[in-house]
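Student: Hi! Could you walk me through this structure while I have it open?
Tutor: Happy to.

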Amino acid sequence: MKTSLVLINPWIYDFAAYDLWSKPLGLLYIGAYLRDCGFDIHLIDCLNVHHPMMPGTTSQRQPKRGLYGTGKFWRNKVPKPLLLKDIPRPYSRYGISPEAFTAELNIAGRPGAFLVTSLMTYWHLGVKEVIRLVRQNYPDVPVILGGIYARLCQDHAVTSSGADYVIADNNALLSLLDNIGLSAPNPIPKATPYPAFDLLSRIDYICILTSRGCPYRCSYCASHFLEPAYSRRDPLEVVEEILFWHRHYGVKDFAFYDDALLVQSDTHAAKLFEEIAKQALGIRFHTPNALHVREISPGIAILMHRSGFNTIRLGFETADFSLHHDLDNKVQTGDFEMAVNNLLNAGFARKDIGAYLLAGLPGQSVDSVVKTIDFVRRVGVMPYLAEYSPIPHTALWDKAVESSRYDLTGEPLFHNNTLIPCWDDSQKKEFPKLKQLVLEARMGVTAC
Ligand code: SF4
């Protein structure tokens, strides 16, 4: 009999969470790879909105789903951790009920090991909770923790997650399994298989990765730490993957997970978009990770429109260009207006073009955010506030630690952007006004 491995995507514990094309892509890649290595793979997705047991075992209301596969998660209010007791907002566990989770454990049976992933550093309570329940049911089965929290806060994960092993490098996984007596039955696969979306109970959309890493070095971003080398797939191979999901699973919505989708587009993204446009599949593309504004040439904008781009998010961050100079150097004066013009000329509607604006950065003033919202409003596209979350191993981390009244180094819960951890109380008081300005600006755009 094949050795089985159970992969777990944990719950989110937070003040808010929304399924904006969020799937555990890294875990699904690992699942596909281990399956090709000859293991029997079972997935427990705590964020499964289609879990068959949920409607019968909970008093929670069915989560509302939105357009293109996005929507709310199952949600259950839980007591706030003591450290966050002063935050005047309800705290919730997002995802399936613990009863549904335990039922999944029973269905999967006793595996050779549990592989748990992790994402945001401040979601570590979900990681800890799934590991606690796994231990309760299978105390002697090894638990391996990987993912972003495990890499960014490795010491914290080692001391507090309850996992037997915390891995910072997925390449080390096979040798770790080997060391604990779980050798791969098959030879190592030569090609990287498509991520195992087929393990999900339903595929609403597919997350696509055409490249890894990012050539930019923004001081607030951990991309370079997590993926030091920038590499790209053959664009025609990506086309094959898109066709595979569309033809075999009827998928219409695809979300690009790239950090730098449009960089050097003439040899990469342009080829991909051209080929997709030729096929006229009627599929839609979404970019929850921001696109680089300076890469949106007239030609790329036209190809994006022809190939089916539907949701466009631009990484604008701020209209304060001296701040750009200090933080990221990725946008120069005039780049944003040029990108928007190119998109409009290509046929996109203003309401489909969104711009992420960072707020809550250390040293950033409220007035600077107000001016940025106003700038985006005048350009005539949709502003989206992105509250800054301090991330270990980024260039801005030391400044964030210095400027925050929270113990960012000792407790990842304080990285939560809902806390706006690097602004003082007088700045935080202004935050509802910023949100209101954003809403008004968006209403102005949709009314056009
Ligand atoms: S461009 Fe985006 S992904 Fe690249 S370093 Fe900057 S924020 Fe990170």
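We will go through the cores and then the sheets.

Tutor: This is a predicted model, in which local features need pLDDT of at least 70, side-chain atom pairs count only at pLDDT 80 or more, and totals for chains, interfaces and linings use all residues. Residues are numbered from 1 along each chain as its sequence is written, and side-chain values use heavy atoms, with hydrogens and water left out.

Student: Great. How many residues does the largest nonpolar core have?
Tutor: The largest nonpolar core has 87 residues, and those with the most contacts inside it include L5, L34, L177 and F273. A nonpolar core here is a set of buried Ala, Val, Leu, Ile, Met, Phe, Trp, Tyr and Cys residues joined through side-chain atoms within 4.5 Å; buried means under 20% relative accessible area, exposed over 50%, and partly exposed in between, with a 1.4 Å probe and protein chains only.

Student: And where does this core lie?
Tutor: Domain 1 (4-179) and domain 2 (205-447) both give residues to this core, so it lies between them. The domain bounds come from an automatic or database domain assignment.

Student: What does L177 touch?
Tutor: Leaving aside residues up to four places away in sequence, L177 touches L5, L34, F39, A113, I144, L182 and S183. Contact means heavy atoms within 4.5 Å. There is also a second, separate core of 57 residues, which includes W74, V78, L226 and Y406.

Student: Switching to sheets: what is the strand order in the open sheet of 3 strands?
Tutor: The order is β2-β5-β4, with antiparallel pairing. β2 (12-14) and β4 (75-78) are at the edges with a single partner strand each, so one side of each is left without a neighbour in the sheet. Strands (E, at least two residues) and helices (H or I, at least four) are DSSP runs numbered from the N terminus, and two strands pair if DSSP finds at least two bridges between them.

Student: Which residue in β5 stands opposite V78?
Tutor: That is Y91. β4 and β5 (residues 91-94) pair over 4 bridges.

Student: What about the sheet of 6 strands, is the pairing parallel or antiparallel?
Tutor: Parallel, in the order β9-β12-β13-β14-β15-β16. The edge strands are β9 (206-208) and β16 (382-387). I206 stands opposite F254 in β12.

Student: Which helix packs on that sheet?
Tutor: Helix α17 (residues 431-447), touching β15 (353-359) and β16.

Methods. Axes are lines fitted to C-alpha atoms, for helices over the stretch in contact, and angles run from 0 to 180 degrees between N-to-C directions.
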